[in-house]
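The sequence and model are shown first.

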Amino acid sequence: MNLHLEHKRALVTGGNSGIGAAIVRALAGAGARVAINYVTHPELAESLAREIGSPGREPLALEADVADADAVAGMFARIDAAWGGIDILVNNAGIDGPRAAGWEADLAAWRKVIDVNLFGAFHCAREALGRMVPQRHGVVLNISSVHERIAWSGYSAYTSSKAAVGMLTRTLAQEAAPHGVRVLAVGPGAIKTPINRAVWDDPAQMADLRQKIPLGRVGEPEEIAQMVTMLVSDVASYVVGCTVLVDGGMTDYPSFAHGG
Ligand code: BGC
């Protein structure tokens, strides 16, 4: 098994916190040069860059709002200037938005979730594939969610965006595979990151969440990062177009463990 990513140039969006930061560490640990995209908290991106940097493999810390196509084009131009190209894109940046039933949802907030999660992934994939297809190699990995499949009251923008990311993944995969480029996704379940801090800070909500997971615990960011590292490496050279769920069984209808 060859997980080595030496000579690979990777961009991780939303790479300065949560699952993104774990992916940055894992890819760098496997030998890749990593660009850490961020939109807030530059100090986290800078300190992560210092942590993973080594002589000859200096990371990039790149500020860009993925929802903004021009900012994304500028970010890829900076990667071209520094590294002359890209081999791996991990579309990780995402937000879940405020909780509200659809009929009470604020339109601007709803749209922002779609802008970041769907347009953001598309803007970056578009730039990456425009470079990978001519060079006839590369991998685009989208971080989706179990909510690509599971409905979630109060989060219609989030679930819609992730369902769309699933189909974006499959369609771009079909387009890119004949050119030797793989597009695929990972769908995390409940992972201990800042996006769900309110839940893991509250014992009652945490107990409820555990009941939704056959494995009986939330996941760690590293458990997503390991799978991502494997899937972008040549170990997964025949994996294309699917969403690999990494969820402790959350999508396995745990409410059917009893009765039915
Ligand atoms: C969300 C988390 C949630 C998990 C499981 C993820 O996509 O970002 O907040 O805990 O799905 O419901």
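Contact, as used below, means heavy atoms within 4.5 Å.

## Basis of the model

The model is predicted, with local features needing pLDDT of at least 70 and side-chain atom pairs counting only at pLDDT 80 or more, while totals for chains, interfaces and linings use all residues. Residues are numbered from 1 along each chain as its sequence is written, and side-chain values use heavy atoms, with hydrogens and water left out.

Helices (H or I, at least four residues) and strands (E, at least two) are DSSP runs numbered from the N terminus. Buried means under 20% relative accessible area, exposed over 50%, and partly exposed in between (1.4 Å probe, protein chains only).

## Ligand site

A side-chain N or O atom of tyrosine 158 is 2.5 Å from an oxygen atom of the ligand. For histidine 147, the distance from a side-chain N or O atom to a ligand oxygen is 2.7 Å, and a polar side-chain atom of serine 145 lies 2.7 Å from an oxygen atom of the ligand. On its own the ligand has 310 Å² of accessible area, of which the protein covers 89%; such areas come from the Shrake-Rupley method with a 1.4 Å probe, and for residues only the protein chains shown count as cover.

Strand E4 (residues 88-91) runs parallel to E5 and is joined to it by 4 bridges; two strands pair if DSSP finds at least two bridges between them. Asparagine 142 is the bridge partner of asparagine 91.

Threonine 169 belongs to helix H5 (residues 156-176). Its relative accessibility is 0%, so threonine 169 counts as buried. The side chains of threonine 169 and asparagine 142 make a polar contact at 2.9 Å. A polar contact is a pair of N or O atoms within 3.5 Å; within protein, one must be able to donate a hydrogen and the other to accept it, and residues adjacent in sequence count only if both atoms are side-chain atoms.

Serine 144 sits in the loop between E5 and H5. Serine 144 is buried because its relative accessibility is 3%. Its side chain makes a polar contact with the side chain of glutamate 148 (2.5 Å). Beyond four places in sequence, the contacts of serine 144 include Lys162, Val165 and Thr243.

Asparagine 117 lies in helix H4 (residues 107-135) and, at 2% relative accessibility, counts as buried. A polar side-chain atom of asparagine 117 lies 2.9 Å from the backbone oxygen of isoleucine 95. Among its contacts beyond four places in sequence are Tyr158, Lys162 and Val165.

## Glutamine 205

Glutamine 205 is placed in helix H7 (residues 203-211). At 38% relative accessibility, glutamine 205 counts as partly exposed. Not counting residues up to four places away in sequence, glutamine 205 touches Ala198 and Val199.
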